Amino acid sequence: MKKLPRRNRFGPVDPLLEALRLLTSGDLYVWNVILRSLRISGSALVVAIIIGLPVGLAVGLARFRFRLPVVAFVNAGLALPPVVVGLAAFLLLSRAGPLGDLRLLYTPAAMIGAQAVIAGPYIAAVSLAAAQGIPADVALQARALGASRWQTILLRLREIRTSLVAAVAAGFGAIVSEVGAVMIVGGNILDETRVMTTAIVLETRRGNFEVAIAMGIVLMLIALCVNAVLLLFARRSFTRASAA
Amino acid sequence: MVVLAASACRGDRQSIVLGATTSAYDSGLLEHLIARFNEEHPEVRVRTVIAGSGEALALGRDGNLDLLLVHSPEAEASFVDAGHARERRPVMYNSFVIAGPPGDPAGIRGMSPAAAAFAKIARGGHRFVSRGDSSGTHHREVALWDEAGVAARGGWYAESGQGQGMTLQLASEREAYTLTDGATLSLLSGTVGLEPLAGGDRSLRNVYSLLQPEAALRPATAKALAEWLVSPRGRRAIAEFRHRGREFQLFWPWPPADGAASDDGYGPLSP
């Protein structure tokens with residue numbers, strides 16, 4: 001078997017240097033894609049928080065019949081494969097689909113919707129678990145000390161805020177690095193719906209490794225930051241727990 | 001969501017969604033053509049979705065795309081027959097190429113017709129990577145196996161299910177043969193360890209056509225782009241396109257300018 005001459009094929013060093021040059025020189029294409037990624041996933045995260053947090057807290061704090069199936073349902077959302085969410089969103093939003101008249105396919109709004117569905121269960125499930133985990137005596141003590149119903153709830157939220165930050169970080173990490181759903185519903189349109197993950201797929205296919213690597217570096221930095229946030233808060237809540 | 005939806009719709013009047021195959025997009029051809037088109041029609045925004053021919057036709061049938069640039073003549077014909085588009089308009093062409101490892105273990109270099117080369121690859125059990133994605137290239141590959149009288153199954157035959165670029169990278173890693181459009185092979189020539197081994201005969205002609213789906217949302221704007229692409233200025237823009245500073249031509253306007261090969265014109269073997 002004949003080996004390819006090294007210099008003639010993709011060696012990792014040159015594209016890596018070129019990628020760093022692209023990032024530091026503020027290359028418009030690369031940075032526009034990166035910022036669009038953050039904007040879309042950030043918006044999706046806000047939607048996921050607005051819906052997921054109240055649902056998670058309500059189910060976690062309330063006591064009602066059929067609570068267990070509801071808890072199971074929220075947790076099952078964590079296992080939703082993103083690409084299936086993308087497929088479902090596509091079928092809904094396609095002009096032949098039930099919501100086709102909204103004309104949302106291949107728009108950032110469709111991507112935000114799909115990513116919110118992916119991130120929502122993260123927020124809901126973690127806030128649910130955290131709300132359940134609040135010791136009942138905290139609320140009892142607060143009530144005994146004359147706190148109102150809302151003050152009690154706020155107090156309970158304070159107790160679990162570290163878990164909530166972790167949930168938000170994990171949700172963001174999951175959607176910003178997701179490729180299947182955004183490719184299907186966004187269409188990877190230049191200047192509109194092209195985000196880091198879909199751009200990496202495209203530029204690798206095109207042989208533009210330096211552009212793909214540049215975005216890969218940023219994506220990994222984001223993942224690192226997310227993990228740092230997770231670790232930081234996990235440790236803080238641990239030290240607090242042991243102090244208590 | 002409502003605000004976003006409204007803002008997404010606002011630009012609709014002058015923007016169209018073009019569905020195009022990976023080979024036309026990845027080479028940079030479409031960006032070049034759209035830039036030229038916008039010099040004359042700055043008010044039109046062309047949004048490109050990349051999809052293999054099979055996927056593009058399905059998306060067009062359902063009204064998600066306004067104009068299709070595809071290269072799968074039989075599938076296009078049945079699309080028109082089914083009433084999803086009024087006509088297919090050939091716009092440009094090049095050649096499919098059988099690419100393989102430089103060592104050419106099956107010994108097909110320069111072979112013609114292509115089906116004979118396919119038969120030889122299968123007989124020797126040499127590795128072959130197929131797109132396997134109902135793209136125009138995949139359709140042609142299946143037709144060639146048919147013509148060669150070979151059942152493309154077995155350990156030597158793999159389906160990538162991916163676009164042309166990824167499939168070439170996969171074939172290169174496996175030192176396998178594959179069928180590709182000449183343009184994508186040319187633009188990845190520095191990256192993949194594959195060489196064009198056979199191409200240029202009539203059975204490898206690769207014609208790209210424009211189709212306007214009946215279900216399209218913005219037919220007038222789509223028609224303007226289609227008309228421009230087949231006009232003398234569009235033809236010139238296709239012929240002058242070069243990939244990132246390289247000197248060779250990747251696509252030829254249809255029909256060939258000299259008229260000599262207008263009936264069975266095929267793209268020259270790309271380097």
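## Strand β3 of chain B and its partners

Two strands pair if DSSP finds at least two bridges between them. In this predicted model, strand β3 of chain B, residues 67-70, pairs with two other strands, described in turn below.

One partner is strand β1 of chain B, residues 15-20, which runs parallel to β3(B) and is joined to β3(B) by 3 bridges. Within this pairing, Ala20(B) has Leu69(B) of β3(B) as its bridge partner. The other partner is strand β9 of chain B, residues 205-213, which is antiparallel to β3(B) and also linked over 3 bridges. Here Val70(B) stands opposite Ser209(B) of β9(B).

Both faces of β3(B) are covered. Leu67(B) and Leu69(B) lie on one side, Leu68(B) and Val70(B) on the other, and all four are buried.

## Ile50 of chain B

Ile50(B) belongs to strand β2 of chain B, which covers residues 45-50. Ile50(B) counts as buried because 25 other C-beta atoms lie within 10 Å, where the cut-off for a buried residue is 20 or more.

Apart from neighbours within four places in sequence, Ile50(B) is in contact with Ala20(B), Thr22(B) and Tyr25(B), and with Asn188(A) of the other chain.

## Chain B overall

Chain B contains 11 helices and 10 strands. Its length is 271 residues, of which 51% are buried. Of the contacts between residues at least 6 apart in sequence, 77% join residues at least 24 apart.

## Chain A overall

Chain A has 10 helices and 0 strands, and its pattern along the sequence is α-α-α-α-α-α-α-α-α-α. Its C-alpha trace spans about 75 × 50 × 40 Å along the principal axes.

Of the 244 residues in chain A, 40% are buried. Contacts between residues 24 or more positions apart make up 76% of those with a separation of 6 or more.

## Helix α5 of chain A against α4

Helix α4 of chain A, residues 82-93, and helix α5 of chain A, residues 108-133, have axes that come within 9 Å and cross at roughly 140°. The two helices are therefore oblique to each other, and their crossing is right-handed.

From α4(A), the contact involves Pro82(A), Val85(A), Gly86(A), Ala89(A) and Leu93(A); from α5(A), it involves Ala110(A), Gly113(A), Ala114(A), Val117(A) and Ile118(A). By class, these are 8 nonpolar, 2 polar and no charged residues.

## Helix α5 of chain A against α7

Helix α5(A) also packs on helix α7 of chain A, residues 149-176, at an angle of about 155° and with the axes 9 Å apart. The pair is therefore roughly antiparallel, since angles over 145 degrees fall in that class. This crossing is right-handed.

The residues of α5(A) in this contact include Gln115(A), Ile118(A), Ala119(A), Tyr122(A) and Ile123(A), and those of α7(A) include Arg156(A), Ile160(A), Ser163(A), Leu164(A) and Ala174(A). The contact comprises 15 nonpolar, 4 polar and 1 charged residues. Ile118(A) is named in the contact with α4(A) and in the contact with α7(A).

Key: Residues are numbered from 1 along each chain as its sequence is written. Chains are lettered from A and ligands numbered from 1 in the order in which they are written. This is a predicted model: local features need pLDDT of at least 70, side-chain atom pairs count only at pLDDT 80 or more; totals for chains, interfaces and linings use all residues. Axes are lines fitted to C-alpha atoms, for helices over the stretch in contact, and angles run from 0 to 180 degrees between N-to-C directions. Angles under 35 degrees count as roughly parallel, over 145 as roughly antiparallel, 65 to 115 as roughly perpendicular and the rest as oblique. A crossing is left-handed if the near helix is turned anticlockwise from the far one by less than a right angle, and right-handed if clockwise. Two residues are in contact if their C-beta atoms, placed from the backbone, lie within 7 Å. Ala, Val, Leu, Ile, Met, Phe, Trp, Tyr, Cys and Pro count as nonpolar, Asp, Glu, Lys and Arg as charged, and the others, Gly among them, as polar. A residue is buried if 20 or more other C-beta atoms lie within 10 Å of its own, exposed if 12 or fewer, and partly exposed in between; C-beta atoms are placed from the backbone.
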